[in-house]
Amino acid sequence: VAVNLTLRDAGGTTWGGENEVTILTEIVVRPVNNFPSFSAASFARVTENAPASFPSFAADISLGPDNEAKGTCPPPDEYRGSLEAHCMRQTASFVVVEMSAPSLFASIPVITAEGTLIISPMPEASGTSSVTVQLVDDGGSVLGTDPFGETRGFDASTRHTFMVRVDAVNQAPAFSTPWTVTCATTTSDCNCPSVAALS
């Protein structure tokens, strides 16, 4: 923004004196990285041994204002160099920051950039887990320094916690017969040892 600054003294202009001077200057409001945001469901339920995905589990995904989400910039000028870091289309990803009962999962739950939750349970595991995520963009958290100190930005959303329930499934029983029975005739009585290795 162009601004005229005028300094005027009380001496007046008698005998051709001058009592003011005006200079043209510019005020530049430097951008900082704005935090991304999203909304998400609070519960997901899967079955033991069955990986699952949940489209649109996270929604309303925003990377910030247009200069961050769409890469729109002001016209090039002498200050463009200091603004370029925030005149680009940013990307963001979901990061798991806390998780209880990690043994329930073969891999850490993932939310894609489009908002799909992907869960891969550990084989034969069941139970409940609390998962906390944040959306983090690549705009950084520090813009730089100026004569007045450091100007900070924000690259992470607020945290969101949801629950994952892995339901147990009844497994078929199994057993084995570690012996062989041989009978002399089809009419003979056969004595079998006790059944072993039941599971």
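These are my notebook entries on a predicted protein model.

**Ground rules**

I number residues from 1 along each chain as its sequence is written, and I use heavy atoms for side-chain values, leaving out hydrogens and water. Because the model is predicted, local features need pLDDT of at least 70 and side-chain atom pairs count only at pLDDT 80 or more, while totals for chains, interfaces and linings use all residues.

**Entry: overview**

I looked up the secondary structure and found two helices and 13 strands. Helices (H or I, at least four residues) and strands (E, at least two) are DSSP runs, numbered from the N terminus. Next I checked burial. Of the 199 residues, 24% count as buried. Buried means under 20% relative accessible area, exposed means over 50%, and partly exposed lies in between (1.4 Å probe, protein chains only).

Then I looked at contacts, meaning heavy atoms within 4.5 Å. Among contacts with a separation of 6 or more, 62% come from residues 24 or more positions apart. The protein exposes about 13,000 Å², and carbon and sulfur atoms supply 56% of that. Such areas come from the Shrake-Rupley method with a 1.4 Å probe; for residues, only the protein chains shown count as cover.

**Entry: His-160**

I found His-160 in strand 13 (residues 160-167). Is His-160 buried or exposed? His-160 is buried, because its relative accessible area is 19% and the cut-off is under 20%. Its side chain reaches the backbone oxygen of Ala-40 at 3.5 Å. A polar contact is a pair of N or O atoms within 3.5 Å; within protein, one must be able to donate a hydrogen and the other to accept it, and residues adjacent in sequence count only if both atoms are side-chain atoms. Leaving aside residues up to four places away in sequence, His-160 touches several others, including Phe-38, Ser-42 and Val-133.

**Entry: Val-133**

Val-133 counts as buried, because its relative accessibility is 2%. Its partners beyond four places in sequence include Val-95, Ile-111, Arg-159 and Phe-162. I also checked Val-110. Val-133 and Val-110 are 23 residues apart in sequence and 9.5 Å apart in space, C-alpha to C-alpha.

**Entry: the core**

A nonpolar core is a set of buried Ala, Val, Leu, Ile, Met, Phe, Trp, Tyr and Cys residues joined through side-chain atoms within 4.5 Å. The largest one has 18 residues. Which of them touch the most other members? They are Ile-111, Leu-117, Ile-119, Phe-162 and Val-164. The elements that give two or more residues to this core are strand 4 (43-47), strand 8 (105-111), strand 9 (117-121), strand 10 (127-137) and strand 13. I looked at Val-164 in particular. Val-164 touches Ala-44, Phe-105 and Ile-119, among others.

**Entry: salt bridges**

A salt bridge is a side-chain nitrogen of Lys or Arg within 4 Å of a carboxyl oxygen of Asp or Glu. I count four by this rule.

Arg-8 and Glu-20 meet in one of them at 2.6 Å, N to O. The pair links distant parts of the chain, with Arg-8 in strand 1 (residues 2-8) and Glu-20 in strand 2 (residues 20-26), 12 residues apart. Arg-8 is exposed at 56%, and Glu-20 is partly exposed at 39%.

Glu-98 and Arg-159 form another, at 3.5 Å, N to O. Glu-98 lies in strand 7 (residues 92-99) and Arg-159 in the loop between strand 12 (149-152) and strand 13, so the pair ties together parts that are 61 residues apart in sequence.

Arg-165 and Asp-167 also pair, at 2.6 Å, N to O. Arg-165 is partly exposed at 36%, whereas Asp-167 is buried at 16%. Salt bridges link Arg-45, Arg-165 and Asp-167 in a network.

**Entry: two loop residues**

Most residues other than glycine have a negative phi. Trp-15 has a positive phi, near 60°. Trp-15 sits in the loop between strand 1 and strand 2 and is exposed, with a relative accessible area of 85%. Ser-56 also has a positive phi, of about 60°, although it is not a glycine. I placed Ser-56 in the loop between strand 5 (52-54) and strand 6 (58-62). At 57% relative accessibility, Ser-56 counts as exposed.
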